[in-house]
Amino acid sequence: MCAGPDTRPILVQFPKVVKVAEGEAVQFQCSLERSSRNNTVENYTVHWYHPENKTHILLSHFAGGSVYRSRGFSERFQLSRNVTSNSYILTIRDLKLTDTNTYICGIWGNIFGKGTRLNVTGANAPNLLQSLIPERVTEGHTAQLQCTMRNAAVTRTDVHWYRERPENNT
């Protein structure tokens, strides 16, 4: 007898990285994918962790709707579900610099998302905005990249460019 395809769910988190000013709000999604018809967000409890310690639960949204917040996590941290997109949602309001961290969602104690990195900046901190206009360039030709800076003087700032190679998601 042949084994069927792996129907074990996976958790996909987005965005991967987000930079938000102090005092603003942010929302992360943790999508339950590759699941059977019965594996929906309304049927499972989701836990949120920091990567240093996946045994210490920061926040929990139980299948019945109740919420657990560990010490230091106030009502600023709101948990919800979107049944239509089959996603768990973490919203953090009135961001503080100390909220900077990676947030990982998990179910069943052994299925985890890859995390969302939250960088909270000071209200007047410099912001870099990279233009994401896709441009196809053939080898040997020139590509033009653009980066706009807010809240900083270009003459007094060093800017470094790094190339990120695509990940192998197999």
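Among contacts in the protein (heavy atoms within 4.5 Å) between residues at least 6 apart in sequence, 52% join residues at least 24 apart. Do keep in mind that this is a predicted model, in which local features need pLDDT of at least 70 and side-chain atom pairs count only at pLDDT 80 or more, while totals for chains, interfaces and linings use all residues. Residues are numbered from 1 along each chain as its sequence is written, and side-chain values use heavy atoms, with hydrogens and water left out.

Let us turn to the secondary structure. The protein has zero helices and 13 strands, where helices (H or I, at least four residues) and strands (E, at least two) are DSSP runs numbered from the N terminus. Of its 170 residues, 32% count as buried, that is, under 20% relative accessible area with a 1.4 Å probe and protein chains only. The accessible surface comes to about 12000 Å², 50% of it belonging to carbon and sulfur atoms; the areas come from the Shrake-Rupley method with a 1.4 Å probe.

Now let us zoom in on one residue. His50 sits in the loop between strand S4 (46-49) and strand S5 (59-61). His50 counts as buried because its relative accessibility is 14%. Leaving aside residues up to four places away in sequence, His50 touches Leu58, Phe73, Asn101, Thr102 and Tyr103. With Asn101, the link is a side-chain to side-chain polar contact of 3.4 Å (a pair of N or O atoms within 3.5 Å, one able to donate a hydrogen and the other to accept it; residues adjacent in sequence count only if both atoms are side-chain atoms). At Thr102, the His50 side chain reaches the backbone oxygen at 2.9 Å.

Conventions: Buried means under 20% relative accessible area, exposed over 50%, partly exposed in between (1.4 Å probe, protein chains only).
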